[in-house]
Amino acid sequence: MTERDWRIFREDFNISYKGSKIPRPMRSWVESKLSPELLKAVERAGYKTPSPIQMAAIPLGLQQRDVIGIAETGSGKTAAFVLPMLTYISRLPPISEENEAEGPYAVVMAPTRELAQQIEDETVKFAHYLGIKVVSIVGGQSIEEQGFRIRQGCEVVIATPGRLIDCLERRYAVLNQCNYVVLDEADRMIDMGFEPQVVGVLDAMPSSNLKPENEDEELDEKKIYRTTYMFSATMPPAVERLARKYLRNPVVVTIGTAGKATDLITQHVIMVKESEKMHKLHKLLDELGDKTAIVFINTKKSADTLAKGLDKAGYRVTTLHGGKSQEQREISLEGFRTKRYNVLVATDVAGRGIDIPDVAHVINYDMPGNIEMYTHRIGRTGRAGKTGVATTFLTLHDSDVFYDLKQMLIQNNSPVPPELARHEASKFKPGGIPDRPPRRNDTVFAH
Ligand code: ADP
Ligand code: MG
């Protein structure tokens with residue numbers, strides 16, 4: 001293909017890059033340099049073609065480049081880092097009695113237990129064929145037991161940062177030979193206040209293996225360098241700070257417009273009074289048939305109250321929020337995945353990263369406090385190429401987000417309710433100077 005063909009290819013798949021010495025994207029699995037074993041595992045997983053983030057990020061990962069990936073939820077980010085990570089590991093001697101005391105070869109950090117669990121499932125799907133062992137280290141389970149499992153020997157640890165740092169500080173685990181690290185949903189980890197723990201974990205790895213700061217310096221072919229992957233929907237300053245400190249000459253891969261809700265989602269916003277929400281929700285749920293819906297609500301307490309009410313009214317409903325135990329959450333999610341329940345009432349715990357297939361409808365019973373959370377919530381539908389619907393109940397109390405929401409609807413060619421369109425708060429950015437309207441190709445990453 002000519003340079004021009006490649007440019008068209010990148011445009012077709014909405015792939016953009018920033019950085020130097022960037023390898024070409026792979027157009028198919030056959031074209032990837034993955035091992036025959038991994039290609040077989042990919043085939044068994046039923047992945048016929050790589051998704052755009054996989055096309056772009058896998059060749060980078062195979063060259064052990066540091067990567068910042070910016071892509072919407074549901075775009076296949078997990079396999080985009082798992083496959084190069086497993087390739088790296090399969091070149092190292094297997095973890096055995098000789099080296100197990102030095103800890104795992106790779107660490108993946110994710111903001112929540114559910115997400116860590118999903119990454120584990122996706123990793124095991126491929127790792128299993130290579131005899132690579134994966135251990136997850138999350139809250140809500142015995143730390144002694146987890147420490148024991150790490151010391152028994154494993155190549156990959158998937159963890160929430162709080163629990164992992166606890167494990168390291170209590171000497172249940174070490175990271176003396178860990179040179180592959182992934183921060184999934186980095187912005188979310190920062191939002192949740194985990195920056196110190198993330199930094200603590202990164203600092204527990206051998207820093208002598210960081211690539212040189214100067215990108216022109218020759219890399220030593222025999223040496224192992226640390227590879228760092230970071231995924232984030234947006235790039236707030238704290239995430240950039242992490243990137244600057246721990247990533248070397250990274251390539252930034254952006255798929256589509258970061259932070260933009262996917263075009264596959266039809267967005268409806270309905271202006272309501274608080275007292276009308278329940279009746280309207282019943283109507284929407286009655287139209288679901290055998291499809292599934294997630295109902296987002298802003299507090300744990302109201303989630304419980306709402307779920308109880310729906311249950312009484314005969315809906316098949318379960319709940320997911322931070323006030324529940326690990327076991328209860330898993331039972332809820334499992335019941336929802338297997339469609340024993342078709343309605344999940346959730347707080348923002350479920351707003352990010354959790355992969356629940358086939359959610360036909362996301363209903364924001366309450367509008368969240370910011371547009372990023374709105375984007376993540378509605379991203380629970382319209383995944384993996386399917387279409388979805390998101391309905392939001394908006395009240396006059398939500399005026400802080402009117403401006404951003406209106407812009408979002410305009411960008412997505414979705415109808416703006418007249419009460420929102422003419423409301424003063426929708427005309428100016430809160431606290432700001434009247435802003436130019438965001439353009440379609442604006443990226444959230446600050447250059
Ligand atoms: P993200 O982390 O970007 O939100 P995930 O990695 O969780 O997305 O992937 C979303 C869903 O798509 C998962 O169910 C995953 O198994 C599936 N998936 C990933 N890559 C592919 C592919 N190339 N072809 C088909 N399905 C895929
Ligand atoms: Mg993910």
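Glu185 sits in the loop between strand E6 (180-183) and helix H8 (186-191). A word on those labels: helices (H or I, at least four residues) and strands (E, at least two) are DSSP runs, numbered from the N terminus. Glu185 has a positive phi of about 50 degrees, although it is not a glycine. Most residues other than glycine have a negative phi.

Gln64 is another such case. Its phi is positive, about 55 degrees, and it is not a glycine either. Gln64 lies in the loop between helix H3 (52-62) and strand E2 (67-70).

Now the ground rules. This is a predicted model, where local features need pLDDT of at least 70 and side-chain atom pairs count only at pLDDT 80 or more, while totals for chains, interfaces and linings use all residues. Residues are numbered from 1 along each chain as its sequence is written, chains are lettered from A and ligands numbered from 1 in the order in which they are written, and side-chain values use heavy atoms, with hydrogens and water left out.

Next, the overall picture. The protein has 16 helices and 14 strands. For 447 residues, a compact globule would have a radius of gyration near 22 Å, and the protein agrees, at 22 Å. That radius is taken over C-alpha atoms, and the globule rule is 2.2 Å times the number of residues to the power 0.38. Along the principal axes, the C-alpha atoms fill a box of roughly 65 × 55 × 40 Å.

On to annotation. UniProt, in an unreviewed entry, lists residues 27-55 as "domain: DEAD-box RNA helicase Q". That span is 45% helix and 0% strand, and its end C-alpha atoms lie 6 Å apart. The unreviewed entry in UniProt also lists residues 58-253 as "domain: Helicase ATP-binding". Here the span is 39% helix and 14% strand, with end C-alpha atoms 11 Å apart. UniProt positions are in the numbering used here, feature names are shortened, and annotations may be inferred rather than shown by experiment.

Last, one helix pair. How do helix H4 (residues 77-90) and helix H5 (residues 113-127) cross? Their axes come within 10 Å and cross at roughly 45 degrees. Axes are lines fitted to C-alpha atoms, for helices over the stretch in contact, and angles run from 0 to 180 degrees between N-to-C directions. H4 and H5 are therefore oblique to each other. Under 35 degrees counts as roughly parallel, over 145 as roughly antiparallel, 65 to 115 as roughly perpendicular, and the rest as oblique.
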